[in-house]
Amino acid sequence: MEPSNKLTRSNEELTISHSFPDLSSLPEPVLVHILSFMDPKEAVQTCILSKRWRRLWTLIPSLNLTNSRFKGNDAAFVHFVTSMLYFRGASKLDTFSLHFNASQHVADEELCQIHVGVATSWIYSVLSCKPLVISLELHKFPYLKLPHALFTCASLEQLELKLIFYINNAESPGPKYVNLPNLKKLTLSLLKLNDPVMQGILSGCPLLEELNLSHCVLKFSEMKSDLLSCLSITSCRGSKVVEIFMPSLISLHLTNQCLEIIKLSLKNTPSLVKVFVFYSQYAVSHSSGALEFFRCLTAVPVIDLEFFGSGVKDLLEIIIPNCPIFHNLKQLSFGEWGTNEKLDVLFQLLQHTPNLEKLTIVHKKVECSRRAKQKVATIEIPFRCEKLKVIEVKYSDPSGVHELIDVFLRNTSHGERLRIDYSRSECVI
């Protein structure tokens, strides 16, 4: 019986080996695709498997490099990236992402200069591969001047730059000349942008569709673009009135600094339909900029307006007395709103949205006393939104949700026609 068992086992092993062919027998594009899911360091190590694998890793079309995986050993990271780019040569590279948070202190001038030289050489190597996407996040590179070739790369479709210097909160000056004929998405962080720089960016990127500015110093007075459809300005500083001329702009994303420190004026935005505003609790000091911005919204076809942040309730309380009427608004969203948190302010705003069709509230659980619950139960501020059809409530904890809906239904004249949608979300903003 034992020889028979061995024969059966051998047949099973033979069947399995035929069912699962050797990995090396797969076509080259399949192997490269598999390698693209691996950590770059591990992908390079496959070169020792056989002659066929020796240069397969150089065909990976996407590189995501970060020194955090080298546990503070910057020298090893620099050696690895330099060698990797050298052996890749000019092989096609679609996406290059580099995150380098240097461990040296910025006072070590000699080491900083070495890292700047290395990073610059990496950028030149990547540009020779004609990439479609480049993302650079560099910390503690106080002497870095991005090469001119980065802003004249004809193949680029997406570019993201985040430069953190840690020297007197300094920001890098923006590029003096830009010629990116195929760029569609641009993200800039911690840069100084004056009028010539911003005009150069917008005129030098004729196909630009999305622009994201974060933690920048804005020293320009206007933004003009015929094709830009998505604009995001978050946590930026400046002291000028910024006029926006963007006939194709569809979506606008802002944080409180853009409404208080920087005054935005919508001059030519006939396509704007979606606006997202994040307002922190510590920002409510001056309301003139915010009020002027909201007045601008009444002149454009905005149909979807979203408010998020802990300061929204205080902001609305300040501007409600002079709040304009939003005739075009059809969808309105609020985040971080508890059952006992100034619902009267929300109801007053609803009186300025006569054509609203959908209201979304991200409910925040708030522990409230019996007296606070009684106060909520006695709120009487009827609002007339005759076209309101749906109230959507998103929540992570159901406590207080039904009380919130009860207050809405009690203060509207057509509660019986409303549809109430509930959706549970583990991550509520």
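View 1. Leaving aside residues up to four places away in sequence, L297 touches L266, L272, V275, V302, L305 and F326; a contact here means heavy atoms within 4.5 Å. This is a predicted model, in which local features need pLDDT of at least 70 and side-chain atom pairs count only at pLDDT 80 or more, while totals for chains, interfaces and linings use all residues. Residues are numbered from 1 along each chain as its sequence is written, and side-chain values use heavy atoms, with hydrogens and water left out. L297 is also one of the residues with the most contacts inside the largest nonpolar core, alongside L150, L193 and M223. That core has 123 residues. Helix α5 (residues 109–127) supplies its largest share, 7 residues. A nonpolar core is a set of buried Ala, Val, Leu, Ile, Met, Phe, Trp, Tyr and Cys residues joined through side-chain atoms within 4.5 Å. Buried means under 20% relative accessible area, exposed over 50%, and partly exposed in between, using a 1.4 Å probe and protein chains only. In soluble globular proteins, nonpolar side chains tend to be buried together.

View 2. The chain holds 12 helices and 21 strands. Helices (H or I, at least four residues) and strands (E, at least two) are DSSP runs, numbered from the N terminus. Of the 429 residues in the chain, 47% are buried. Among contacts with a separation of 6 or more, 66% join residues 24 or more positions apart.

View 3. Strand β10 is joined to strand β13 (residues 241–245) by 3 bridges, and the two run parallel; strands count as paired if DSSP finds at least two bridges between them. In which order do the strands of this open sheet come? The order of the 3 strands is β10-β13-β15, with parallel pairing. The edges are β10 (222–224) and β15 (263–268), each pairing on one side only. From one strand to the next, the twist averages 20 degrees, with axes taken as lines fitted to C-alpha atoms, for helices over the stretch in contact, and angles running from 0 to 180 degrees between N-to-C directions.

View 4. Follow the bridges one pair at a time. β8 and β11 run parallel and are joined by 5 bridges, and L213 has I233 in β11 as its bridge partner. I233 in turn stands opposite L254 in β14. Strand β11 (residues 230–234) is joined to strand β14 (residues 251–255) by 4 bridges, again running parallel, and L231 stands opposite L252 in β14. β11 is mostly covered, with 4 of its 5 residues buried. Then β14 pairs with strand β16 (residues 274–278) through 5 bridges, in parallel, and T255 stands opposite F278.

View 5. Strand β18 (residues 331–337) has 6 of its 7 residues buried. Its parallel pairing with strand β17 (residues 304–308) runs over 4 bridges, and Q331 in β18 is the bridge partner of D304. Helix α10 (residues 343–350) is mostly covered as well, with 6 of its 8 residues buried. Which residues of α10 are buried? They are L343, V345, L346, F347, L349 and L350.

**View 6. Two loop residues with positive phi.** Most residues other than glycine have a negative phi. K130 has a positive phi, near 55 degrees, and sits in the loop between α5 and β3 (133–139). Is K130 buried or exposed? K130 is exposed, with a relative accessible area of 57%. H215 also has a positive phi, near 55 degrees. This residue lies in the loop between β8 (210–214) and β9 (217–219), and at 45% relative accessibility H215 counts as partly exposed.

View 7. The structure holds 2 cavities of 30 Å³ or more. A cavity is a set of points, on a 1 Å grid over the protein atoms alone, where a 1.4 Å probe fits but cannot get out. The largest cavity has a volume of about 40 Å³, a volume being the space filled by probe spheres set on the points, which are joined across faces, edges and corners. Its lining is made of F151, L159, P175, V178, L180, L186, L188 and I201; lining residues have an atom within 4 Å of a point.

Methods: 1 Å grid on protein atoms, 1.4 Å probe; cavity = no way out; pocket = protein on both sides within 12 Å on 5 of 7 lines; lining within 4 Å.
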